[in-house]
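This report describes a ligand site and a set of individual residues in one protein model. The sequence and the coordinates are shown first.

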Amino acid sequence: MSGHIPVMLEEVLATLQPRSGAIYLDATFGGGGYAAAILAAADCTLWAIDRDPDAIARGAALAAAHPGRLHLMHACFGDMLESLGRHGVTALDGVVMDLGMSSFQIDQAERGFSFRTEGPLDMRMGRSGPSAADLVNTLPEAELARILAEFGEERHARRVARAILRERATAPITTTGRLASIIRSAVPRDPSGMDGATRSFQGLRIAVNDELGEIERGLSAAETLLAPGGRLVVVSFHSLEDRIVKRHMARATGRAGAASRHDPASLMPRAAPDFAALTNRAARPGDAETRSNPRARSARLRGMERLSGIRA
Ligand SMILES: C[S@@+](CC[C@H](N)C(=O)[O-])C[C@H]1O[C@@H](n2cnc3c(N)ncnc32)[C@H](O)[C@@H]1O
């Protein structure tokens, strides 16, 4: 099993600017790449969250190497306010979020994330709750099609959903391999050479883990927790994630704008924004990184800093 190569690590550190004595949260600990770099960059305290119990278990060695400085929590970042609150942490100097899956998850066939390897149809980052097999074998056709279209951006979602219902009537679909071949036979070959199962697997994974809901809740909670001068740095990997991050940051930094100049909101005096953008537009990885780490290709980094203001 290969490890996880942290994406845009230099840019994350340059945006976060870790300081000694400060308190940070790594909301997506994963392989601990960002965490190790933050701990090395300054004599700070780092809280770290991951919903995957395997990631938390792997982090024990890093915590032992930094006694009293790294605190690992098995939780969803959407619940960060409660998780940190239980430890008396109510304000942070920075939060980093590196969205999506880790290479540890995708590379382990038994986690069921990959359409390239045969495994149980699972896809649960947190190893609890309904699995991808539960969704695929029980959801009504229209709901399945909605998930594939909305979260997978699969243009042939209805055809895929129809094929899944036809096949599950013969026997429950329990493996990644069988689902991938059902999907591939339902969609036309992609001219770019992309595997026909890519979009549908993404859609199912997002639904199984309520990923977009988690991002909404996580961003709102991070905004609440950041103290003046505190920085939020988010790396996303596809347009659905980035759209949510962009919208949140535009609103927090006062760049959202009224819907139209006829909108009464455009006539109201605007309150000064509580945050300032640290990235004008999303930062992208450099050529060297995308050459050496294909996973970095779609990465986008956005950041903002709390100026002042009473936290919501
Ligand atoms: C891309 S990896 C992070 C890699 C990490 N930055 C590193 O350098 O090793 C994303 C991690 O976030 C976790 N994750 C995804 N969504 C989460 C959520 N809503 N709450 C907590 N952890 C989450 C995944 O389990 C995964 O381990």
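The text below treats the ligand and its surroundings, then individual residues.

The structure is a predicted model, in which local features need pLDDT of at least 70, side-chain atom pairs count only at pLDDT 80 or more, and totals for chains, interfaces and linings use all residues. Residues are numbered from 1 along each chain as its sequence is written, and side-chain values use heavy atoms, with hydrogens and water left out.

## The ligand and its shell

There are 26 residues around the ligand, and those that come nearest are Asp50, Phe77, Asp98, Gln105 and Glu214. A residue counts as near a molecule if one of its heavy atoms lies within 4 Å of it. By class, the shell around the ligand comprises 11 nonpolar, nine polar and six charged residues. In this grouping Ala, Val, Leu, Ile, Met, Phe, Trp, Tyr, Cys and Pro are nonpolar, Asp, Glu, Lys and Arg are charged, and the others, Gly among them, are polar.

Polar contacts are pairs of N or O atoms within 3.5 Å; within protein, one atom must be able to donate a hydrogen and the other to accept it, and residues adjacent in sequence count only if both atoms are side-chain atoms.

| Residue | Protein atom | Ligand atom | Distance |
|---|---|---|---|
| Gly32 | backbone N or O | oxygen | 3.2 Å |
| Gly33 | polar backbone atom | oxygen | 3.1 Å |
| Asp98 | side-chain N or O | nitrogen | 2.7 Å |

Taken alone, the ligand exposes 600 Å², of which the protein buries 99%. These areas come from the Shrake-Rupley method with a 1.4 Å probe; for residues, only the protein chains shown count as cover.

The largest cavity is the space taken by the ligand. On a 1 Å grid over the protein atoms alone, a cavity is a set of points where a 1.4 Å probe fits but cannot get out, and a molecule sits in a cavity if more than half of its atoms lie within 2 Å of its grid points. The elements giving two or more residues to the shell around the ligand are α2 (33-41) and β2 (45-50). Helices (H or I, at least four residues) and strands (E, at least two) are DSSP runs, numbered from the N terminus.

## Buried residues

Residues are called buried under 20% relative accessible area, exposed over 50%, and partly exposed in between (1.4 Å probe, protein chains only).

Helix α2 also holds Leu39, which is buried with a relative accessible area of 3%. The C-alpha atoms of Leu39 and Ser20 are separated by 9.5 Å, with the two residues 19 apart along the chain.

Ala145 belongs to helix α8 (residues 141-150) and is buried, at a relative accessible area of 10%. Ala145 and Ala157 are 12 residues apart along the chain, and their C-alpha atoms are separated by 5.0 Å.

Thr253 is located in the loop between α13 (239-252) and β6 (275-277). What does the side chain of Thr253 reach? The side chain of Thr253 reaches the backbone oxygen of Met249 at 2.6 Å and the backbone oxygen of Ala250 at 3.4 Å. Thr253 is buried, with a relative accessible area of 8%.

## Positive phi angles

Most residues other than glycine have a negative phi. Met123, which is not a glycine, has a positive phi of about 70 degrees. Met123 occupies the loop between α6 (103-107) and α7 (132-138) and is buried, its relative accessible area being 0%. Arg127 is likewise found in the loop between α6 and α7, with a positive phi near 60 degrees. Arg127 is partly exposed, with a relative accessible area of 38%.

Glu216 is part of helix α12 (residues 211-225) and counts as partly exposed at 29% relative accessibility. Glu216 and Gly78 are 138 residues apart along the chain, while their C-alpha atoms are separated by 7.6 Å.

Pro6 lies in the segment before α1 (9-16) and is partly exposed, with a relative accessible area of 21%. Pro6 and Phe104 are 98 residues apart in sequence and 12 Å apart in space, C-alpha to C-alpha.

Definitions and conventions: 1 Å grid on protein atoms, 1.4 Å probe; cavity = no way out; pocket = protein on both sides within 12 Å on 5 of 7 lines; lining within 4 Å.
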